[in-house]
Amino acid sequence: MSETTSIPQPILKIISDPDIIRIVGKKGGEVSIKDINLQFIMATLWWEGSPQLETFFNIMEQNIKRALQEVHPHDKLVLDYTYTANDTLEDASEITVEIENIETDGEVLEVKGDVIILSGNDDRGFFKKLTSFRRKVQKNVHQEL
């Protein structure tokens, strides 16, 4: 009888809390950890007047790419995610990001912890909160990096 050795599959794990989003790429015994310090990034973006959400998504995408590249070298990363805001993007106090699909060179990867919740102070008035369901934003994003 011949023994078959299984080739370890790459895994992406995302752990988020209000301060840090940790992106972990793992394959076999190799591990790559990338942290996104939300308070530092958001403060810097606010200070510079940069578009906060777009810049956050760019940082998230690049950190996912780097974490996977270090443990599972690849040429092309396909990343599909959906973000949902509880109001217009300007007034939203909570944005949920759900990772739907990650592929490297056509290989679908396992994703653990596929939801990131960004939340802040909700200073909308009572009427704005009550009618926010009409302005709720949901967008699907497909990136090839």
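Predicted model: local features only at pLDDT ≥ 70, side-chain atom pairs only at ≥ 80, totals over all residues.

Student: OK, what's the secondary structure of the chain?

Tutor: The chain has three helices and nine strands. Going from the N terminus, the order of elements is β-β-β-α-α-β-β-β-β-β-α-β.

Student: And what box do the C-alpha atoms fill?

Tutor: Roughly 70 × 30 × 25 Å, taken along the principal axes.

Student: How much of the chain counts as buried?

Tutor: Of its 145 residues, 36% are buried. The accessible surface comes to about 9100 Å², and carbon and sulfur atoms account for 50% of that.

Student: On to the core. Which residues in the largest nonpolar core touch the most other members?

Tutor: That would be I21, M60, I64, Y81 and I102, out of 28 residues in that core. The elements giving two or more residues to this core are β1 (11-16), β2 (20-27), α1 (38-48), α2 (52-71), β4 (77-85), β5 (94-104) and β8 (115-119).

Student: Which one gives the most?

Tutor: α2, with seven residues. As background, nonpolar side chains in soluble globular proteins tend to be buried together.

Student: Take I102, then. What is I102 in contact with, leaving aside neighbours within four places in sequence?

Tutor: I102 contacts L12, I64, L68, L77, V78, L79, E107, V108, L109 and V111.

Student: Now H72. Where is H72?

Tutor: H72 sits in the loop between α2 and β4.

Student: Is H72 buried or exposed?

Tutor: H72 is buried, because its relative accessible area is 10% and the cut-off for buried is under 20%.

Student: Which side chain does H72 make a polar contact with?

Tutor: The side chain of E107, at 3.4 Å. E107 is also one of the contacts of I102. Beyond four places in sequence, H72 is in contact with P10, K27, T104 and E107.

Student: Switching to the outside: which residues form a nonpolar patch on the surface?

Tutor: F126, F127 and L130 do, and together they have about 410 Å² of accessible area. F127 lies in helix α3, which covers residues 126-130.

Student: And why does F127 count as exposed?

Tutor: Because F127 has a relative accessible area of 60%, and exposed means over 50%.

Student: Last one: how many of the contacts between residues at least 6 apart in sequence join residues at least 24 apart?

Tutor: 54% of them.

Methods
Residues numbered from 1 in each chain as written. Heavy atoms only, no water. Patch = residues over 30% accessible without salt bridge, like charges linked within 9 Å, V, L, I, M, F, W, Y side chains within 5 Å. Areas by Shrake-Rupley, 256 points an atom, 1.4 Å probe, with all protein chains shown as cover. Salt bridge = Lys/Arg side-chain N within 4 Å of Asp/Glu carboxyl O. Helix = DSSP H or I, 4+ residues; strand = E, 2+ residues; numbered from the N terminus. Buried < 20%, exposed > 50% of the residue type's maximum accessible area, 1.4 Å probe, protein only. Core = buried A, V, L, I, M, F, W, Y, C linked by side-chain atoms within 4.5 Å. Contact = heavy atoms within 4.5 Å. Polar contact = N/O pair within 3.5 Å; in protein donor to acceptor, adjacent residues only side chain to side chain.
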